[in-house]
Amino acid sequence: MLPTKYSTALVISVAFVLSSCLNEDKLPECAEFVKLDNTLLALTIEADNLDVPWDLQYDRHRDAIVFSEIAGKIKRLNLETGQIDTLLSLPDVYHMRTLGLLGMAIYQPENSQNYLFLSYTSMSNDSIYSNLVRYDYDEQPTNPQVLLKIPGSTGHNGSRIIISNDQKVLWATGDAASETYAQDSTALNGKILRLNLDGSIPYDNPLANSFVYAWGFRNMQGLTQSPDGKIYTSEHGDAIEDEINWIRPLHNYGWPQIEGMHDTDKEIAIATNSPRTEPIRSWTPVVAPAGLAYYGSDKIPEWSSSLLLTTLKSQSIRILKLSDNGTEIVGEQILFPDYLGRIRSILAVPNGDVYFSTSNKDWNPQSGFPKNGDDIIFRLRPTKKAFKLPITPVEPETKALKNGKELYQAYCASCHKDNGKGVPSSFPPLSGSAVVTGSEDGLLRTILYGSTSKKTNGSQFNEAMPSFSFLSNEEIASIATYIRINFENNAGPISNDRVRSNR
Ligand code: HEC
C-alpha cells in the first residue's frame with residue numbers, strides 16, 4: 001500500500017478533475033501520474049457521470065469508444081471531441097443487481113458489413129434468459145438478430161464477447177447458478193461458445209454440431225485474445241480461487257467439481273480420473289476479477305505482453321506479465337488499490353493507450369463510493385513530465401492475515417461490509433443478527449457450510465453464502481469471535497474446539 005497521504009491526494013484531485021477538466025488536455029491541473037520503471041503515464045478522465053459502463057470497445061472507423069451501460073444503453077464516446085451519443089436504448093433488457101446489458105464486441109472489416117454483438121439478460125414468462133444479439137453497425141446499430149438465447153438466472157450470467165482472430169464470435173457464458181450446466185456438454189451455460197458471425201455452428205468446432213468450445217466455468221467476467229491466438233478469461237470463484245484461464249478447445253476447467261488449482265485430495269482424484277485444466281493464476285482471498293485486455297503494444301514497454309485485469313472487490317488494475325510463450329503468468333503488479341473504487345472494464349486501443357471504467361454505481365458499492373462524478377471512463381497514456389507526485393504500482397502482499405478483523409475484511413466484508421450492515425435484499429446484516437448472537441453451533445455451521453435462500457427477519461436474500469470450510473479452525477474461531485463481539489452484537493467468544501466439533 002502507498003502511504004495514505006497519496007491516496008487522499010488522488011481522491012481530492014479526482015473530485016477536482018471532475019469539475020473542471022473533463023476532456024481538456026490540461027495535464028498540469030487535470031491529471032494524476034503513474035510511474036513505471038522507465039515510463040511515466042498520465043491518468044485523465046474522458047467521461048463521467050455514467051451508469052455502470054460494463055464493456056468498452058474501440059470503434060476504429062470513428063476513433064471512438066462504444067460502451068454499454070448496464071441498464072440497457074449503448075453509447076459512443078468520440079475520443080477527439082469528448083462528445084457522447086446514445087446509439088441504443090434497449091427496451092427488453094432485464095436489469096437487476098448483476099443482470100442487465102453486459103458484454104459486447106465490434107466487428108469492423110474494411111469492405112463488408114460491420115456488426116455490433118451484445119449480451120444481455122431479458123425476462124419473459126417469469127424466466128430469465130441471456131441473449132446474444134447481433135446488430136448491423138453503421139452510423140447507428142440497426143436490424144437486431146438474436147443469435148442465441150440461453151437460460152439465465154438471478155446471478156452468474158457472465159458474460160463477455162470477443163471476435164477471435166479467425167473471425168468467430170466467442171461468447172463466455174455464466175453457469176446460471178446451476179449445479180449441472182457447466183459439466184453438461186449439451187448445455188450452453190458455463191461454456192466458451194464459438195459461433196460463425198451469422199450465428200451458425202462453425203464446421204471446425206471441436207464437437208460436431210455444437211457451439212461448445214470449452215467448458216466447466218462458473219461466471220466469467222473477462223475474455224481476451226493475444227495476437228498469436230491465445231484466449232484468456234477471468235472468472236469469479238465462489239468463496240475462494242478467482243481465476244485466470246488459458247482457454248484451449250474442449251478443455252474442461254472443472255467447475256463445480258473443482259475450484260481453481262487442483263489442490264485438495266478430492267480435486268486431485270477427479271482430475272486424475274478425467275482430464276481437467278488448472279487456471280494459470282488463482283487468488284484466495286478473492287479479488288473479484290472483471291475486464292481483461294491483452295496489452296500487445298510497445299508504447300508502454302513495461303506492460304508489453306501482459307494481461308491487464310480490472311478487479312471489483314480489490315478495486316484495482318492488475319498487470320499480469322505473461323511468459324514469452326504466453327502460457328504462464330510470471331509477474332503481477334497492482335495499480336490504484338482502493339483509490340478509484342470498483343473497476344469493471346478495460347480496453348487497450350491500437351495506439352497503445354489504455355481506457356478503463358469504474359463500476360461504483362452498481363449493486364455492491366464499496367465503502368466511500370460512489371463519489372461525485374462516478375462512474376468514470378479513465379485514460380492512461382505515456383507522458384513526459386509529472387506535475388505532481390506519481391503513483392507507483394505495488395507488488396501483491398503475501399502477508400498472513402493475523403486477527404479476526406483482518407480475516408473478516410479479507411473473506412466476509414465484500415458481502416457483509418466492513419461495518420457488518422450488509423446490502424439490502426442481497427446480503428443480510430451481521431449486526432443484530434440472531435444467527436450471530438444465538439447458538440454457537442448454528443453460527444459455525446453457517447460459516448462452515450454456507451447457506452442459501454433462508455428467510456432472515458422476514459427478508460429473503462438473493463445471493464448465496466458460500467462455504468468457508470477451507471479456513472482453519474483457528475481462523476474460523478477468530479472470525480466468529482470478531483463478529484460476535486463487534487457490530488454491537490456483544491456476544492461471547494468462540495473456541496477452536498467448538499469449530500472442530502462442528503466439522
Ligand atoms: C459472496 C457473499 C458472501 C460472503 C463472502 C460471505 N457471506 Fe455470509 N451470507 C451471505 C448471504 C447471501 C447470506 C444469506 C444466506 C441465506 O439466505 O441463507 C449470508 C448469511 C450469513 C449469516 C447468517 C445471517 C443471518 O442473520 O441469517 C452469517 C452469520 C454469515 N453470513 C457470516 C459470514 C461470515 C463470517 C463470512 C466470512 C467468513 C461470510 N458470511 C461471507 C453472503 C456472503
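Q: Why is helix 4 (residues 404-411) called largely enclosed by the rest of the structure?
A: Because 6 of its 8 residues are buried. Buried means under 20% relative accessible area, exposed over 50%, and partly exposed in between (1.4 Å probe, protein chains only). Helices are DSSP runs of H or I with at least four residues, strands are runs of E with at least two, and both are numbered from the N terminus. The model is predicted: local features need pLDDT of at least 70, side-chain atom pairs count only at pLDDT 80 or more, and totals for chains, interfaces and linings use all residues. Residues are numbered from 1 along each chain as its sequence is written, and side-chain values use heavy atoms, with hydrogens and water left out.

Q: Which residues of helix 4 are buried, and what do they pack against?
A: Gly404, Glu406, Leu407, Tyr408, Ala410 and Tyr411 are buried. The buried residues of helix 4 pack against helix 5 and helix 8, where contact means heavy atoms within 4.5 Å.

Q: What makes the arrangement around the iron atom of the ligand octahedral?
A: There are 6 donor atoms, and they subtend angles of 87 to 179°. Six donors count as octahedral if opposite donors are over 155 degrees apart and all others between 65 and 115. The arrangement is therefore octahedral. Histidine 416 lies in helix 5 and methionine 465 in strand 29, so the pair ties together parts that are 49 residues apart in sequence.

Q: How do you know that His416 and Met465 coordinate the iron atom?
A: His416 (NE2) and Met465 (SD) sit at 2.0 to 2.1 Å from the iron. Donors are N, O and S atoms within 2.8 Å of the metal (3.2 Å for Na, K and Ca), and water is not among the atoms, so sites may look incomplete.

Q: Are histidine 416 and methionine 465 buried or partly exposed?
A: Histidine 416 has a relative accessible area of 10%, so it is buried. Methionine 465 has 23%, so it counts as partly exposed.

Q: What makes up the shell around the ligand?
A: The shell has 26 residues, and the closest are Cys412, Cys415, His416, Ser451 and Met465. By class, 16 are nonpolar, 8 polar and 2 charged. Helix 7 gives the most, with 3 residues.

Q: What makes arginine 97 and glutamate 241 stand out in their backbone?
A: Most residues other than glycine have a negative phi. Arginine 97 has a positive phi of about 45°, and glutamate 241 one of about 55°. Arginine 97 is buried, because its relative accessible area is 12%. Glutamate 241 is buried too, at 6%.

Q: Where are the peptide bonds called cis?
A: One joins glycine 158 and serine 159, with omega about 0°. Another runs from tryptophan 255 to proline 256, with omega near 0°. Proline 256 lies in the loop between strand 17 and helix 3.

Q: Why is threonine 264 called partly exposed?
A: Its relative accessible area is 35%, so threonine 264 is partly exposed. Threonine 264 is in the loop between strand 17 (242-247) and helix 3 (265-273).

Technical notes: A residue is near a molecule or strand if one of its heavy atoms lies within 4 Å of it. Ala, Val, Leu, Ile, Met, Phe, Trp, Tyr, Cys and Pro count as nonpolar, Asp, Glu, Lys and Arg as charged, and the others, Gly among them, as polar. Four donors count as tetrahedral if all angles lie between 85 and 135 degrees; four count as square planar and six as octahedral if opposite donors are over 155 degrees apart and all others between 65 and 115; anything else is irregular.
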